[in-house]
Amino acid sequence: MQRRRAHRGRLVLGTRVVAAGSVLLLSACGTTAVSDSAPSPAPTSGIACASEGRLAASGSSAQQNAMKHWMREYQKACPGVEIRYVPIGSGGGVAQFLRGATVLGGTDSPLKADEVELSRDACRGGRAIDLPMVGGPIAIGYNLSGVDDLVLDAPTLARIFDSEITRWDAPEIRRLNPGAALPALPIAAVHRSDESGTTQNLNAYLAGAAPEQWPYPKDKAWQAKGGQSASGSGGVASQVQGNDGAIGYVELSFARAKGLSTVRLDTGAPEPVAVSARTASAGIATAHVNGTGNDMALTFDYRTRASGAYPIVLVTYEIVCDSGNPPEVLPALKSFLTYTASTRGQKDLARIHYAPLPDEVADRVRQVVGGLS
């Protein structure tokens, strides 16, 4: 009975379950019968559309712009399907999925073991799995008069954000930037004041690439010493933009929007690596899948020395049931996720400052989506 209630709860977001044959409702505006027929390609788009369906999804704000693009393109090709994505953050997305309010959740970190166990109540006869879908480079943006090119490595970056290196003309920074006119300015290191997947992924990078200099856990909350703080990536970017001598970490799109200079990373590769969608995709390509079964949680190689591989990346996962999905929405769910993981769905991400998945990862995601039930 408990599982039946959880399953029925997954058919509604902010509404009630109506009579037999009801669909997933996003508002109290009525109902539409959803066909369980196989997807068919739209005439001009090449997208294999479901004929009808309404999908409720929520979660990571990091993938918000990617979702906006995907939903617009998909619904243009497949007008019978309606999708709503609410960017309430990774934690909220996981919580809503686990209590059966949505059929799709977005999270910037894979599900924990206890969350997978809880998902068995929402996924009748199955469990939740993580599907990597969106790559996001995390840029180190800075504002330093007269310095348009700055190289840092992981140990130096860790000591800057931990208030161990406090001036821009410190010998550790001069060593990495011979010939640069580094000013005798104090460093204003800016971090997030709110919990975020961006902070968690920077923590993971510094802990993996510079463990002796970064003793902090891979948490969403900032725990290093000192520095300044701001809320959200927009707040961090604005604070760096407005203060000479400031440095902070933001998703690449925020750095570009504010016109911030960005650090090149000395990873031990032949040349320092600049942040871009292309180099972030190369960084994701160094990861390996450590999930079990059809779960595709990734483990990153933060010490990679691969040429052109940028290692500070965030990957957003889509959470779905491997089996036990409501039959009323399964065709639309599989159709939409097949599109987002497709060559077409991934290729436009670089234009909006996301990193497309490596081909081999995207291929495997499509295979898993094809087997959802």
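Student: Leaving aside its neighbours within four places in sequence, which residues is L157 in contact with?

Tutor: The model is predicted, so that local features need pLDDT of at least 70 and side-chain atom pairs count only at pLDDT 80 or more, whereas totals for chains, interfaces and linings use all residues. Residues are numbered from 1 along each chain as its sequence is written, and side-chain values use heavy atoms, with hydrogens and water left out. Contact means heavy atoms within 4.5 Å. Once neighbours within four places in sequence are set aside, the residues in contact with L157 are I140, L152, Y205, L206, I247, L265 and I312.

Student: Which residues touch the most other members of the largest nonpolar core?

Tutor: A nonpolar core is a set of buried Ala, Val, Leu, Ile, Met, Phe, Trp, Tyr and Cys residues joined through side-chain atoms within 4.5 Å. Buried here means under 20% relative accessible area, as against over 50% for exposed and in between for partly exposed (1.4 Å probe, protein chains only). Among the 62 residues of the largest core, those that touch the most other members are L157 and I247.

Student: Which helix gives this core its largest share?

Tutor: Helices are DSSP runs of H or I with at least four residues, strands are runs of E with at least two, and both are numbered from the N terminus. The largest share of the core amounts to six residues, and it comes from residues 197-209, which form helix α7.

Student: How many residues does the other core, which lies apart from this one, hold?

Tutor: V103, L330, Y339 and V368 are among the members of this other core.

Student: Which residues of helix α5 are buried?

Tutor: Helix α5 spans residues 154-161 and is mostly covered, with six of its eight residues buried. Just after the helix, S163 takes a positive phi of about 60°. The buried residues of α5 itself are A154, T156, L157, A158, I160 and F161.

Student: At roughly what angle do the axes of α2 and helix α11 cross?

Tutor: Axes are lines fitted to C-alpha atoms, for helices over the stretch in contact, and angles run from 0 to 180 degrees between N-to-C directions. The contact is made by M67, H69, W70, M71, E73 and Y74 of α2 together with A332, S335, F336, Y339 and T340 of α11. The axes of α2 and α11 (residues 330-340) come within 11 Å, and their crossing angle is roughly 115°.

Student: How far apart in sequence are the parts tied together by the pair C123 and C321?

Tutor: C123 is joined to C321 by a disulfide with an S to S distance of 1.9 Å, and both cysteines are buried. The torsion about the S-S bond is about -75°, so the disulfide of C123 and C321 is left-handed. Because C123 lies in the loop between α4 (113-122) and β6 (128-143) and C321 in strand β15 (residues 313-321), the parts joined by this pair are separated in sequence by 198 residues.

Key: A disulfide is a pair of cysteine sulfur atoms within 2.5 Å.
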